[in-house]
Amino acid sequence: MTFGDGGGDDLDEYVLDDEYLAASGEELDGFVDEVEDSPSQEDQPAATGSSSVTNDAQKAKKRKQREKNKERKAKRQKVTEFAESEQPHSIAQRAPHELADYLSAMQAKTFNKSTALELEDTRIPDTSISDTTSWTGPRTLDHLSDFIVKTLPNLHTRLSQKSKNPGSPTLLFITGAALRVADVTRILRDRRLRGEKGGEVAKLFARHFKLAEHCSYLKRTKVGAAVGTPGRIGKLLLETDALTISALSHIMLDISFRDAKKRNLLDIPETRDEVFKTVLGGPQVSEAIKSGKIQVVLF
């Protein structure tokens, strides 16, 4: 079954409102800065007559737009803080064998017509799940860099090395909302992780970007990590040759993050199905996971 661009990528309920998905963080921040940096009416030459009325209207419009964008930016920050604070004990903190059972239970919901034998064949072995139990800190974006450095030293080393081929990341970070993709991308661009030679960090989601645009970008760019929604990453893996797994060593699932309804990535049917059918369930990825070439990380 193939999922279109309008699948889990556009799940408005994964965040509090449509504005949270209205633009990526960089787009939103840039727009607010642009408004705030524009010349004020006080800096403009005085106008008389009808031009004065027009200027007053423009001034009021700019003020209203500036206030609206500040409110939107503040709301976005509030949403992020809400989603990452006071969370229940994350399933991601458990041992690999427990995580294997958890992922198997989630797979059973996706493949609900499969037999027990068929489900066992799709099970992700605990040997292919990274043990991150040594990490006792919060699993929030503020701590993602430290989490990688301390619990995944091999990934940290690979992220700081020069990418050999375009469109061949060593890390795929899977999350359920477009703006969350933008937030994670900023963290993974940290020089602590990439060093001076690490590849670019690709931002992959359907909202704002056509599949062809991502294909063109990946074919000309050496990326060390790719962050995206399961719908877009799944399509790139299964339907194009732009995103390859030749250098892929880790797939990180954004499990600890919860939406306003307290649901994580795999609690939402649409994103869960895309994760298991188009990302982890793709023939090449599935085989690489079972053989131990790719480690699954629950963050």
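Tutor: Gladly; here are some questions with the values and definitions behind the answers.

Tutor: This is a predicted model, where local features need pLDDT of at least 70, side-chain atom pairs count only at pLDDT 80 or more, and totals for chains, interfaces and linings use all residues. Residues are numbered from 1 along each chain as its sequence is written, and side-chain values use heavy atoms, leaving out hydrogens and water.

Student: What makes up the protein chain in terms of helices and strands?

Tutor: The protein chain has twelve helices and five strands. Both are DSSP runs numbered from the N terminus: H or I over at least four residues for helices, E over at least two for strands.

Student: Which residues of helix 12 are called buried?

Tutor: In helix 12 (residues 283–290), they are V285, S286, A288 and I289. Buried means under 20% relative accessible area, exposed over 50%, and partly exposed in between (1.4 Å probe, protein chains only).

Student: Why are the buried residues of helix 12 said to line one face?

Tutor: Down the axis of helix 12, the buried residues fall within an arc of 165 degrees, so they line one face of the helix. The arc is taken from the directions from the helix axis to the C-beta atoms. Exposed P283, Q284 and E287 sit on the face turned away from the buried side of helix 12.

Student: What do the buried residues of helix 12 pack against?

Tutor: Their partners are helix 10 (230–239), strand 4 (250–253), helix 11 (269–279) and strand 5 (295–298). Contact means heavy atoms within 4.5 Å.

Student: How do you know whether helix 10 is roughly parallel or roughly antiparallel to helix 11?

Tutor: Helix 10 and helix 11 pack at an angle of about 15 degrees, with axes 9 Å apart. Angles under 35 degrees count as roughly parallel, over 145 as roughly antiparallel, 65 to 115 as roughly perpendicular and the rest as oblique. Therefore helix 10 is roughly parallel to helix 11. Residues making the contact include I233 and L237 of helix 10 and V275 and T278 of helix 11.

Student: Why does K262 count as partly exposed?

Tutor: K262 has 39% relative accessibility, so it falls in the partly exposed class. K262 lies in the loop between strand 4 and helix 11.

Student: What is the phi of K262?

Tutor: K262 has a positive phi of about 65 degrees, although it is not a glycine. Most residues other than glycine have a negative phi. Just after helix 12, G292 takes a positive phi of about 90 degrees.

Technical notes: Axes fitted to C-alpha atoms, helices over the stretch in contact; angles between N-to-C directions.
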